Amino acid sequence: MLRRSRGVVALLGAMALVAASSSALALPLVRYSVNDLGGGLFKYNLIVDNQGGSEALSGLNVLKGNSVFGLTSGSVINAPVDWLYFAPLPPLIDDLDYFSLDPGADVPIDGVLGGFSFRSTRNPDTLAGDDFAVEGIGGDSASQIDLGVAILVPEPATALLLGSGLLGLALGRGRRRVPAAWPRRRRSG
């Protein structure tokens, strides 16, 4: 029982260390999840995470809004409170651009803001490479800040399943014991 407890404590300690180190090295990024609305329609939900940012963010640009996601001025697009957007205007403008109407609504340094979403017929399983490239707009400098590629976050049920599986492996590992010596059978000749 003591070995199992040590294994669980070691596993939990390692998970805490990974979480702490990832937050220490955090950079601004965009996380997203997708809801399958059926009929080939998907709702992309975006969260701007400004952990480790050098300034508040007053804008968010989805760089290939039309060419990758097929967004136009007729698309269903949502923005958080006190934010608006410019939909792509093909063939002139490919980006979906969100912007804050009030500095108080900007995403502060070490802050997180959700409520950005759009509907698209683009299946998330077909996204590749830098298809979902995003950038932020600095609230102080108004400069473009490359946020890289949006990161898919698993739904809570998937994360819970993964965590319970790891815990089960740690607990199960403590139960396996090999006897010191197995009796050997003699071969009869």
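1. Helices (H or I, at least four residues) and strands (E, at least two) are DSSP runs, numbered from the N terminus. On that basis, the protein has two helices and 10 strands. Their order along the sequence is α-β-β-β-β-β-β-β-β-β-β-α.

2. A word on the source. This is a predicted model, where local features need pLDDT of at least 70, side-chain atom pairs count only at pLDDT 80 or more, and totals for chains, interfaces and linings use all residues. Residues are numbered from 1 along each chain as its sequence is written, and side-chain values use heavy atoms, with hydrogens and water left out.

3. Aromatic pairs come next. Rings of Phe, Tyr and Trp (its six-membered ring) pair if their centres lie within 6.5 Å; planes under 30 degrees apart count as stacked, over 60 as edge-to-face and the rest as tilted. The whole structure holds 12 aromatic pairs. One of them joins Trp83 and Phe116, edge-to-face, at 5.1 Å centre to centre and 90 degrees between the planes. This pair links distant parts of the chain: Trp83 sits in strand S5 (residues 83-86) and Phe116 in strand S7 (residues 112-120), 33 residues apart.

4. Are these two residues buried or exposed? Buried means under 20% relative accessible area, exposed over 50%, partly exposed in between (1.4 Å probe, protein chains only). Trp83 counts as buried because its relative accessibility is 4%. Phe116 is buried too, at 1%. Of the 189 residues in the protein, 30% are buried.

5. One aromatic cluster is formed by Tyr32, Tyr44, Phe69, Phe118 and Phe132.

6. Contact means heavy atoms within 4.5 Å. Among contacts between residues at least 6 apart in sequence, 63% join residues at least 24 apart.
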